[in-house]
Amino acid sequence: MGRFSWRWGRRNVRTGLGILLICSIGLSGCAQGVEPTASSAAENGQPGTSTTKDELVLAVGTEPEGGFDPTTGWGQYGSPLFQSTLLKRDAKLQLVNDLATAYSVSEDGLTWKVTLRDDVKFSDGEPLTSEDVKFTFDTAAQSGSVIDLTNMADVQAPDDRTVVFTLKSPQSTFISLLTTLGIVPEHAYGADYAEHPVGSGPYKLVQWDKGQQAIVEANEEYYGNKSAFHKLTFLYLDEDAAYAAAQAGTVDIAAIPAAFSKQQVNGMTLEAVKTVDNRGIMFPMQPAGAKSGDGLPAGNDVTSDLAIRQAVNVVIDRKALVEAVLEGYGRPAYSVSDDLPWSNAEAVFKDASLEEAKHILAAGGWVDADGDGILEKNGVKAEFNLLYFAGDLTRQSLALATADMVAQAGIKINVEGKSREETKKMAYSNAVLFGWGSHDPLETYNLYSSTHKGEGYYNVGLYSNPVVDSWMEKALQATSEEEALPFWKKAEWDGTTGFSYQGDAPWAWLVNIDHLYLVTNGLDIGEQQIHPHGHGWPVTSNLEEWSWDNSAK
Amino acid sequence: MTGRNGWARFVGFKMLRLVSLLVGVSVLSFILMQFSPVDPIEAYIGGDMIRVSAEQRSLIEERWGLNESPMERLLTWGQALIQGDLGTSMIYRQPVADIIQERFMNSVTLMAVAWLLSGIFGFALGVVAAMRRDSKLDRLICWYCYTLASTPVFWIALLLLMVFGVWLGWLPVGLGVPAGMSANQVTWGDRVIHMILPALTLSLTGVASIALHTRQKLTDVLESDYILFARARGERGFQLFRRHGFRHVVLPAITLQFASFSELFGGAVLAEQVFSYPGLGQATVQAGLRGDVPLLLGLVMCSAIFVFTGNMLADILYRMIDPRMKEELMS
């Protein structure tokens, strides 16, 4: 998207004012036309800052251009808002019932049975039955969209309150689909559903001005806790425009990038939400000469050496990265899923240790024989490229800062900005700065399992460890998430091996980036979940908890 | 050559050119999109990359016909087009014709206002500068035009946004309608208010070229012998301009103004982006960045027709204003 640097504009304010002065002379003729209309803008354009209103204006995320149809992807992040899901995750990311009253998984992990509430109505007054659930999953499976139901063999609705899913192979992460896929009504589903969604969620869509805003109102038929806010308006603004809107007092909540965080906005408070929206360095794990699934050159002689990967990991001062690059809004990252239930706390390590790095490198046979400050081993210099998506300032800064830190240990990193397309081709043979972070442990599987070696953006480094694979298979075959958790943790570090730093270290995770929101004074946005990758929509997942904090009046 | 016949030939000829232009432009755009490094599937999936298995990817390919060869896809598209079907947009999952229609109404008003303002003010400024040549006023106008001509549209847009939207709070910072207002309550006044900043941005930058060209042309005219003669007869100031200058400078100004349709369109893309204004420009950026071939082809054709119309109108106006042109045009 065409995002233009606001700060660049600020620096040139004085020049700009000069130009504007001239402009106003040149256009003095039309200024008369401007003024009367401008005053009426102030009357109806501003939602005001009164703390008793039950309406909110939010600029928190990009527009779901495809509309509000869960079967083609709406609601994958945050909540579907207009539809409800079978299960959901609370502030602690624990699974809780939503439409479901109970669910069970068969011994072999192939049959999932879900029982539904019997008091749920869609916003048009029609009851929600198991047929609607079956219809939703069938439709999503056939939609050819981002909803991946390729592992679902069949879904049946034996009676009004029961849904039975049959899987092709056991998949404990199937639960994520039950927590994210909003249920659509069979009777009201048609070609224009995405524009006129009907659902059983807390809100219903009143109006969607494409490219501009969506206006939603509380759904009277909603069975759950009612939100304190009757009407919400979601503005679809770029980060720059959202910030400008916040300054102008037009919005109650605006999502902003860290770069804007140092500037005060009158009447608003900055809220930082913890995330697993992480950034980390992916290392090619094979020596040069390997091939990816698409036949592209893969492997790298330097990063395939464990000592290099571990030394890079341990020498990086992650706290310093958070302070310097994220303005303090973030926290160090040691895995792809920090603080999520399936991450292993034992895999956290003490970083920013030059001594440790030197020790590891020396033990690995890396020495600086020619005295140029860069280590060698068997005639190979400890030097590799680190790619990042050009145009992403945060990634660029992280890459440059990391390269500086790693240089102290005698490893030279050449930082290069590339387009997404170039990166994709070069990723198999060069280290790349990527970002992940999901509420679904399937992501861990996709990143580290040898099943997905060299497949698109999955496991680009061609990492493969049979022990890790077997732990993850066990995790997938578990019949519940709790049962799967220990296996996920063991895959990360089981005491002897794993994909953590102590094990094979196929990644050097750097930071988790806080999501920042400017919130109108007095508005309480409740206890937020640890947000996944992707800024914006997740903030709405607990709308029913939002309220005005009366003491702040 | 009779008048009516001439017109018919003129229009027929133009239509033929339009059709060939559209065919050429769409085929060329299609080929360029094939060479573009943007992978439409990846663009379609966007940030959800990790959730999509290889199997699912091939389902998406199939759903959007991306597994067919480029030639097949172009033919399918062309066949549908002949039947009046522009196809379905990948990102909006809506018929392309609907999206263009919806967005066109927003953009066209915006561009029309900006175009009229920049034309009128640009012409007036150019005339004033030439008539008061080398005066302080002239230098001021020139300086203003040079500055604007070398200023990026989006930068002006950001400045206006900051000053009028944020600091003064007179005008809304974005969108085409007031936030949170239901469609039946939105008045024309609201729409006008929301259009002011983007339209102002567009017209401010459009003024420069027309003013500078008009100034130059009028300066040439003023140095000619018949002006010297008119001056000798005692004609001065506005009267001199109206009798002897106007006709000479209005034609180039009109041509230039109609020919500026393409810059207008380009400027609208940037201005709409900054002000989150829901016009064609916003859709074009999305379609290009995300490899939405059907939508982009639709928009390319739409803009080609738009620019072509501008040039054709200039031709027609030439013929009406200056009968001498008729023969030249026909030959």
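Mentor: Thr233(A) is buried, with a relative accessible area of 3%. The cut-off matters here: a residue is called buried under 20% relative accessible area, so Thr233(A) qualifies. The model is a predicted one, and what follows describes that prediction.

Thr233(A) belongs to strand E10 of chain A. Setting aside neighbours within four places in sequence, its contacts include Leu56(A), Val57(A) and Leu58(A). Gln213(A), Ala214(A) and Ile215(A) are also in contact with Thr233(A). From chain B, Ala179(B) and Gly180(B) touch Thr233(A) as well.

Take strand E1 of chain A, which covers residues 55–59. E1(A) pairs with strand E10 (residues 231–235) of chain A in the parallel sense, over four bridges. Within this pairing, Leu58(A) has Phe234(A) in E10(A) as its bridge partner.

Strand E9 of chain A spans residues 213–218. E9(A) runs antiparallel to E8(A), and six bridges join the two. Leu205(A) has Val216(A) in E9(A) as its bridge partner. E8(A) and E9(A) make a hairpin with three residues between them, and Gly211(A) in the turn has a positive phi of about 80°.

These strands are part of an open sheet of seven, in the order E8-E9-E10-E1-E11-E23-E12 (chain A), with mixed pairing. Strands E8 (203–209) and E12 (268–273) of chain A stand at the edges; each has a single partner strand, so one side of each is left without a neighbour in the sheet. From one strand to the next, the twist averages 20°. In a regular strand, side chains alternate between the two faces of the sheet.

Helix H6 (residues 239–247) of chain A lies across E1, strand E11 (253–256), E12 and strand E23 (515–520) of chain A. H6(A) runs at about 140° to E11(A).

Chain A holds a further sheet, with four strands in the order E4-E5-E7-E6 (chain A) and antiparallel pairing. Its edge strands are E4 (100–105) and E6 (152–159) of chain A, each pairing on one side only. Neighbouring strands of this sheet are turned by 15° against each other on average, direction ignored. Helix H4 (residues 130–142) of chain A packs on the sheet and touches E5, E6 and strand E7 (162–167) of chain A. The direction of H4(A) makes about 165° with that of E6(A). E4(A) and strand E5 (residues 111–116) of chain A run antiparallel and are joined by five bridges. In that pair, Val105(A) stands opposite Trp112(A) in E5(A).

Among contacts in chain A between residues at least 6 apart in sequence, 69% join residues at least 24 apart. Chain A exposes about 20,800 Å², and carbon and sulfur atoms supply 49% of that area.

Chain B, which supplies Ala179(B) and Gly180(B) to the contacts of Thr233(A), has 14 helices and zero strands. The C-alpha trace of chain B spans about 85 × 60 × 40 Å along its principal axes. Buried residues make up 53% of the 331 residues in chain B. The accessible surface of chain B comes to about 15,700 Å², 64% of which belongs to carbon and sulfur atoms.

One helix of chain B illustrates burial there. Seven of the 10 residues of helix H12 (residues 280–289) of chain B are buried, so H12(B) is largely enclosed by the rest of the structure. Among the buried residues of H12(B) are Leu280(B), Val285(B) and Ala287(B). The cover over the buried residues of H12(B) includes helices H5 (96–131), H11 (261–274) and H13 (293–321) of chain B. After H12(B) comes Gly291(B), whose phi is positive, near 60°.

How values were computed
Residues are numbered from 1 along each chain as its sequence is written. Chains are lettered from A and ligands numbered from 1 in the order in which they are written. This is a predicted model: local features need pLDDT of at least 70, side-chain atom pairs count only at pLDDT 80 or more; totals for chains, interfaces and linings use all residues. Side-chain values use heavy atoms; hydrogens and water are left out. Two strands pair if DSSP finds at least two bridges between them. Axes are lines fitted to C-alpha atoms, for helices over the stretch in contact, and angles run from 0 to 180 degrees between N-to-C directions. Contact means heavy atoms within 4.5 Å. Buried means under 20% relative accessible area, exposed over 50%, partly exposed in between (1.4 Å probe, protein chains only). Accessible areas come from the Shrake-Rupley method with a 1.4 Å probe; for residues, only the protein chains shown count as cover.
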